[in-house]
Amino acid sequence: MKLPKTIQLLTSLSLMGLVSCNGTPISTNDREEITLPVNATSASSETPACKFVADGVGSPGQVKVRYEEVVTGLEVPWGIAFLPNDKMLVTERPGRLRLVENGELKRSPVANLNITASGEGGLLGIAAHPDFASNRFFYLYYTTDKNGSPVNRVERWQLSSDGLSASEDRIIIDDIPAALFHNGGRLRFGPDGMLYIGTGDAREPQISQDVESLAGKILRLTPDGEVPPDNPFPNNPVFITGIRNTQGFDWYNPSTLFVTDHGPSGELGRRGEDKVSVLQAGENMGWPAVENCEAESEFVRPSLVWREAVPPGGAAIYTGDSIPEWKGNLIIGTLGSRHLHRVVFDSDNPRQVQDHEVYFQGNSPDGFGRIRDVIMGQDGELYITTSNCDGRGNCPQGQDKIIRITQ
């Protein structure tokens with residue numbers, strides 16, 4: 001496939017010294033939105049009108065919700081894996097794997113990983129095997145040193161019977177490009193029982209379009225690390241391409257993913273452009289070739305784009321009963337704009353945003369600051385982790401937290 005001119009140009013550019021995503025809080029005042037008409041054919045069968053947030057981040061939330069602090073005393077809790085019997089494993093980016101049982105954070109880590117702890121790297125995503133109750137397997141995404149250079153790696157581990165220790169079982173996938181910024185890191189098991197892995201572009205935008213690179217993608221593997229025979233690219237773990245740095249995705253249905261992505265923070269003179277897109281196997285989000293709500297034939301047009309930097313952390317479809325108004329909505333944590341974002345999609349066209357709104361704004365009395373992970377628990381409640389001790393927020397005395405959102 002002939003690459004767009006923008007990508008051809010990128011191959012000749014040096015991108016060293018780019019800055020990370022803007023962490024400045026963004027006000028929701030004077031918000032301006034533009035729903036842009038379709039002006040090109042998308043790679044998807046249904047092309048949405050893209051909702052472009054030209055000013056601010058969104059309207060104040062209208063559903064009454066509340067929160068409960070579950071755990072405090074964490075340092076950059078990046079991901080949660082829920083286990084039977086009211087237990088959870090939590091990754092801390094500096095390299096510690098922690099156990100929470102009945103709401104109590106155990107003092108001693110379950111494991112300490114040998115990580116490369118710089119920038120956005122470290123111990124990141126975690127996911128429990130679908131049959132964890134019988135095999136006690138879970139998966140970790142982390143940044144480490146290999147032959148003198150950093151790489152991102154996914155490993156399978158096994159938790160001890162008492163839950164207080166764990167041992168490495170096997171490497172699932174290795175040599176995912178790593179950098180100071182844009183390491184991705186989210187792990188999720190899909191409805192098909194496959195492991196999905198979100199990666200970043202490792203500060204090399206052009207490789208997001210290269211299907212032979214693991215960077216800037218969502219990857220799909222079996223629980224044993226094999227390439228499924230029905231992947232869109234033969235004998236290749238790549239499932240979705242054209243991503244800058246995703247940390248959040250979830251399933252609308254078994255074949256359709258909602259995916260959030262960080263927009264540029266200086267590349268090609270561009271900033272902002274954080275987005276939410278709806279994709280299927282083999283589709284392309286368009287980074288770095290398209291801007292904002294642009295649509296080109298080989299790329300999926302985004303459903304929601306912010307002009308100012310948000311950027312999004314974790315994301316989950318709300319499937320619980322505690323907040324019935326949120327049922328089926330996409331709930332996104334944000335880092336720079338420090339809030340929880342609700343996105344409502346059209347019931348007749350899941351690629352079309354009907355409405356979106358802001359909860360727990362960072363500068364409000366109930367604001368949490370930076371929000372990293374968003375995930376549904378086994379109890380049907382929504383959980384989030386804060387990321388205020390990651391060097392870009394204000395680390396409070398009680399450090400970072402796990403919080404439950406309910407009504």
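1. A residue is buried at under 20% relative accessible area, exposed at over 50%, and partly exposed in between, using a 1.4 Å probe and protein chains only. Helices (H or I, at least four residues) and strands (E, at least two) are DSSP runs, numbered from the N terminus.

2. Know what you are looking at. This is a predicted model, in which local features need pLDDT of at least 70, side-chain atom pairs count only at pLDDT 80 or more, and totals for chains, interfaces and linings use all residues. Residues are numbered from 1 along each chain as its sequence is written, and side-chain values use heavy atoms, with hydrogens and water left out.

3. Start at strand β23. The strand spans residues 330-334, and five of its five residues are buried. In a regular strand the side chains alternate between the two faces of the sheet. Which residues of β23 cover each side? Leu 330, Ile 332 and Thr 334 are on one side, Ile 331 and Gly 333 are on the other, and all are buried.

4. Now look at the partners of β23. Two strands pair if DSSP finds at least two bridges between them. Strand β22 (residues 312-317) runs antiparallel to β23 and is joined to β23 by four bridges. Ala 316 has Ile 331 as its bridge partner in β23. Strand β24 (residues 340-345) also pairs with β23 over four bridges, in the antiparallel sense. β23 and β24 make a hairpin with five residues between them. Arg 338 sits in the turn and has a positive phi of about 55 degrees.

5. Strands of a sheet pair through backbone hydrogen bonds, either parallel or antiparallel. Here four strands run in the order β10-β11-β12-β13, with antiparallel pairing. β10 (123-128) and β13 (166-177) are the edge strands, each pairing on one side only. Neighbouring strands are turned by 25 degrees against each other on average, direction ignored. For such angles, axes are lines fitted to C-alpha atoms, for helices over the stretch in contact, and angles run from 0 to 180 degrees between N-to-C directions. Inside the sheet, 10 bridges join β11 (residues 137-146) to β12 (residues 149-159). Asp 145 has Pro 150 of β12 as its bridge partner.

6. Another open sheet has four strands. The order is β14-β15-β16-β17, and the pairing is antiparallel. At its edges are β14 (187-189) and β17 (238-240), each pairing on one side only. The twist averages 30 degrees from one strand to the next. β15 (residues 195-198) and β16 (residues 218-221) share four bridges. Tyr 196 is the one to find here: its bridge partner in β16 is Arg 220.

7. Check the disulfides. How many does the structure hold? There are two, a disulfide being a pair of cysteine sulfur atoms within 2.5 Å. One joins Cys 50 to Cys 293, with 1.9 Å from S to S. Its angle about the S-S bond is -55 degrees, so the link of Cys 50 and Cys 293 is left-handed. Cys 50 lies in β2 (residues 50-55) and Cys 293 in the loop between β20 (274-279) and β21 (304-306), so the pair ties together parts that are 243 residues apart in sequence. Both Cys 50 and Cys 293 are buried.8. The other link joins Cys 389 to Cys 395, with 2.0 Å from S to S. This link is right-handed, with 75 degrees about the S-S bond. Cys 389 is buried, with a relative accessible area of 14%. Cys 395 is partly exposed, at 44%.

8. Look at Thr 385 in strand β27 (residues 382-386). Is this residue buried or exposed? Thr 385 counts as buried because its relative accessibility is 0%. A polar atom of its side chain lies 2.8 Å from the backbone oxygen of Pro 77. Contact means heavy atoms within 4.5 Å. Leaving aside neighbours within four places in sequence, Thr 385 is in contact with several residues, including Ile 80, Arg 370, Asp 373 and Lys 401.

9. Finally, the backbone. Most residues other than glycine have a negative phi, and most peptide bonds are trans. Asn 85 has a positive phi of about 65 degrees. Asn 85 lies in the loop between β5 (77-83) and β6 (87-92), and is exposed at 66% relative accessibility. Asn 292 has a positive phi too, near 50 degrees. Asn 292 is in the loop between β20 and β21, and is partly exposed at 25%. Pro 288 is in the loop between β20 and β21. A cis peptide bond joins Trp 287 and Pro 288, with omega about 0 degrees.

Terms used. Polar contact = N/O pair within 3.5 Å; in protein donor to acceptor, adjacent residues only side chain to side chain.
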